[in-house]
Amino acid sequence: MIYRYFILALAACALLLGIQAPNLLTQYQQRLAAQYAEAMVYYRQYQIIADRYYDGEISGLIAAHEQNPAPAFQEEAKVIAELVERVKTFERQQRYFTQDYPAQLWSLAWQHDEELMTGTLQQYSFNVPLNQQAIATGALIALAVVVVMDSLAALVRGLWRRRRHSYTSRRP
């Protein structure tokens with residue numbers, strides 16, 4: 001009896017967490033869009049210089065900075081290279097979120113950018129969006145948790161019975 005109450009409570013918690021998935025996805029995408037837009041402000045400025053002096057190759061601009069004897073320019077080469085890598089990361093992240101909803105959730109769970117996810121979680125605002133996606137996601141997560149827990153409980157009960165049976169059959 002207590003086991004059933006435990007499973008119901010676990011299912012309710014999983015449902016509430018699952019309902020938050022679309023909200024987390026939205027907040028992550030908003031953070032990604034904002035940081036990408038900010039990075040592009042500086043990237044475009046360096047790209048204009050690369051267009052003017054290095055045939056549009058930003059790698060040429062970075063190489064020129066690296067070869068410059070002034071330490072300030074050498075350090076700036078690292079900053080530009082990091083910016084270029086950051087923009088590429090943001091573009092890759094944005095491509096993940098042009099897929100269908102299940103693929104977006106998968107990307108959020110397994111292919112997210114750690115810095116973006118940390119920032120999103122730190123600034124996360126809980127709400128309960130009662131739309132079809134949220135309810136379906138919550139219900140599927142709750143169902144998955146209940147099935148896994150019931151399967152584990154059945155496995156443990158089966159092992160316990162088998163162990164008890166082998167113990168009692170050995171007694172004289």
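What radius of gyration does the protein chain have, where a compact globule of 172 residues would have one near 16 Å? The protein chain has 26 Å, a value taken over C-alpha atoms, while the globule rule is 2.2 Å times the number of residues to the power 0.38. Along its principal axes, the C-alpha trace spans about 90 × 45 × 25 Å.

This is a predicted model, in which local features need pLDDT of at least 70 and side-chain atom pairs count only at pLDDT 80 or more, while totals for chains, interfaces and linings use all residues. Residues are numbered from 1 along each chain as its sequence is written, and side-chain values use heavy atoms, with hydrogens and water left out.

The secondary structure comes to six helices and zero strands, where helices (H or I, at least four residues) and strands (E, at least two) are DSSP runs numbered from the N terminus.

The axes of H1 and H5, which are lines fitted to C-alpha atoms over the stretch in contact, with angles running from 0 to 180 degrees between N-to-C directions, come within 9 Å and cross at roughly 120 degrees. Contact means heavy atoms within 4.5 Å, and the table lists the residues that make it.

| Helix | Residues in the contact |
|---|---|
| H1 (residues 2-53) | Leu 24, Gln 27, Tyr 28, Arg 31, Leu 32, Gln 35 |
| H5 (residues 114-122) | Glu 115, Leu 116, Met 117, Gly 119, Thr 120, Leu 121 |
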